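Visitor: I've got a model to look over before I do anything with it. Walk me through it, please.

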Amino acid sequence: MNEMDLLSRLRDAVPLGVSPGAEHLFRTALLDSQDPGRAAAPSRRSRRPGARVPGRPVGAVSVAVAVGAAVAVVVQPAHGRVPAGHPAAPVTLLADRAAAAALDQPSVRPGQWVYRETEMSGQANKSEKQSSEELWSTADDTTEASYYDGKLGLYYRDRDNNGVMGPLDFYPVPLSYRSLGSLPARPGALVARLAEIGARAGTGEPVGCAQSTASCTAFLAISELLSSYVMPPALTAELYQALGDIPGVSVVPGVDVDGQACTGFRIPLTGGDLELIVNAATYQYVATLGSFPGGGRGTVVVARQALVSGPGVRP
Amino acid sequence: MMRQSRASAETGAADAEVIQLSRHEPEAFEILFRRHAGHIQRYVVRRLGPDAADDLVAETFLLAFRQRDRYDLARADARPWLYGIVTNLIGSHRRAEVRQYRALARTGIDPVTESFTDRVDAAVSAGATSKRLAAALAGLPAAHRDTLLLIAWGDLSYEEAATALGVPVGTVRSRLSRARSRLRRTLGDADPSFTKENQA
């Protein structure tokens, strides 16, 4: 099966046929165009609240919401908020604790194989989907392995891109591992730099960002870096400290994720929020959770992560 | 007389004849809609998701209707014309399209098909290959992606894709070659079934 066959398979997952909605819109518009004196068509566009620029089809926002929900991550039904037994720590204190814990971690060489079991769920358009995957990748994420049809396949990242997300990157990681050393250490400068990189890479900001776009973009960029790489401890520490420096970020006081007592960082969206969840004891990254305007939700939980001797080796 | 013409057009006339008829009998344009709207809708849904599709499909055929006087009647098949219009409209949704591919690449959950099926295992079985494919699509230059998908998802020939995009056939061949090459590299050096055993 070549790439064209795979594309056909992807297309064929969509049923062939025109929807009643499209047919109605077309017929109404056709009638209008033949009768200039007729009142404006009662199109979906004009009926929807918050209709935007005339001529621009609706849907882009709702698609973005759905995508955002699928991309961003979160809360499995089994997860729940832990009753608040103690007040939330200030965000800077949580950032300092997570940074200190990161500094206690051993350094890992870039070629070290890492096993990850990830659980994902997304809810959009009133349907909820869950999936999980086992993935092996090197710590620098340049090589990846997974089972497909019972066989282990190895895949290599495009090495041509010079730092910013390249055209063949598997995931929207905003910065290549090789370029991590170029990041400034000071939290404020680091946030500004990550916001700039995220915007340039086109990873975009979440739908409904309630703070500044730069804040949301930096928050997402840090989330992507922490979930994609096993980074040098000093850099991991700097990223956590940067989280505490992003305007609008607050502490998630307590949440149970896969049986782990967790806490985390939250940035508000209009009608939702994004959360970067860490284990409350070890402060290691556990999940990214998102709830979006319109009810979309998404979750990515790293259920298990361990250093292993090679691809296909389970801990 | 006119009714007979419509009946004839309905059954076997080429698209160009239908368009010609619609210049005098606008309602005949519905024949073109019934013939092609289903395929255009699937193409839009696959590229942008179901939410945007209804509006874009209707807008495509309305634009075509308004431009029917300029249609080259020497072209019997109207598909390249219609796909050219819808491709231009999709152009204003590039960001949404790319976000969709990235969503699939990131989570393995297809935001397009999830509204058509409740089978979680369908999304899961899509697995790494579909994720990489989606990621590669997201990373393609827009012109290359348009070319590739007009052929792979629109079922257009090279010549028809060239007509749809308003570029020479050689440009289509070149773009397609580059796009396929990128996809192959992303999928594991041309062979999605590439395995560790093969490597040995």
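Guide: One term before we start: helices (H or I, at least four residues) and strands (E, at least two) are DSSP runs, numbered from the N terminus. Also, keep in mind that this is a predicted model.

Visitor: Fine. Where is Asp258(A) found, then?

Guide: Asp258(A) sits in the loop between strand E6 (250–257) and strand E7 (260–269) of chain A. Its phi is near 55°, which is a positive value in a residue other than glycine.

Visitor: And why does Asp258(A) count as partly exposed?

Guide: Asp258(A) has 15 other C-beta atoms within 10 Å, so it counts as partly exposed. The cut-offs are 20 or more for buried and 12 or fewer for exposed.

Visitor: What about Tyr283(A), what is its phi?

Guide: Near 65° for Tyr283(A), again a positive value in a residue other than glycine. Tyr283(A) is in the loop between strand E8 (272–279) and strand E9 (285–291) of chain A.

Visitor: Is Tyr283(A) buried or partly exposed?

Guide: Tyr283(A) counts as buried, because it has 23 C-beta neighbours inside 10 Å.

Visitor: Back up a bit. What does the secondary structure of chain A come to?

Guide: Chain A has eight helices and 10 strands. Of its 315 residues, 45% count as buried. If you take contacts in chain A between residues at least 6 apart in sequence, 59% of them join residues at least 24 apart.

Visitor: Now confidence. What is the mean pLDDT of chain A?

Guide: The mean is 70 for chain A, and 65% of its residues reach 70 or more. Residues 36–88 of chain A have pLDDT below 50, although that stretch has 123 contacts in the model beyond near neighbours in sequence. Residues 158–172 of chain A are also below 50, with 46 such contacts. Where pLDDT is low, the predicted coordinates should not be read in detail.

Visitor: Noted. On to the other chain: how many helices and strands does chain B have?

Guide: Chain B has 11 helices and zero strands. Of its 200 residues, 56% count as buried.

Visitor: Which residues have the most contacts inside the largest nonpolar core?

Guide: Val44(B), Val57(B), Phe61(B) and Val86(B), in a core of 59 residues. The largest share of this core, 10 residues, is supplied by H3(B). A second, separate core of 50 residues includes Leu175(A), Val191(A), Ala242(A) and the Tyr283(A) we talked about.

Visitor: What is Val44(B) in contact with, leaving aside neighbours within four places in sequence?

Guide: The partners of Val44(B) are Ala52(B), Ala53(B), Leu56(B), Val57(B), Val86(B) and Ile90(B).

Visitor: And at what angle do the axes of H2 and H3 of chain B cross?

Guide: Helix H2 (residues 15–22) and helix H3 (residues 29–48) of chain B cross at roughly 145°, and their axes come within 8 Å. Asp15(B), Val18(B), Ile19(B) and Ser22(B) from H2(B) meet Phe29(B), Ile31(B) and Leu32(B) from H3(B). By class that contact has five nonpolar, one polar and one charged residues.

Visitor: How many residues of H5(B) are buried?

Guide: 10 of its 12, so H5(B) is mostly covered; Trp81(B), Tyr83(B) and Val86(B) are among them.

Visitor: Last one. Why is helix H9 of chain B largely enclosed?

Guide: Because six of the eight residues of H9 (residues 158–165) of chain B are buried, including Glu160(B) and Leu165(B). Just after H9(B), Gly166(B) takes a positive phi of about 70°.

Terms used: Residues numbered from 1 in each chain as written. Chains lettered and ligands numbered in written order. Predicted model: local features only at pLDDT ≥ 70, side-chain atom pairs only at ≥ 80, totals over all residues. Axes fitted to C-alpha atoms, helices over the stretch in contact; angles between N-to-C directions. Contact = placed C-beta atoms within 7 Å. Nonpolar A, V, L, I, M, F, W, Y, C, P; charged D, E, K, R; others polar. Core = buried A, V, L, I, M, F, W, Y, C linked by C-beta atoms within 7 Å. pLDDT = per-residue confidence, 0-100.
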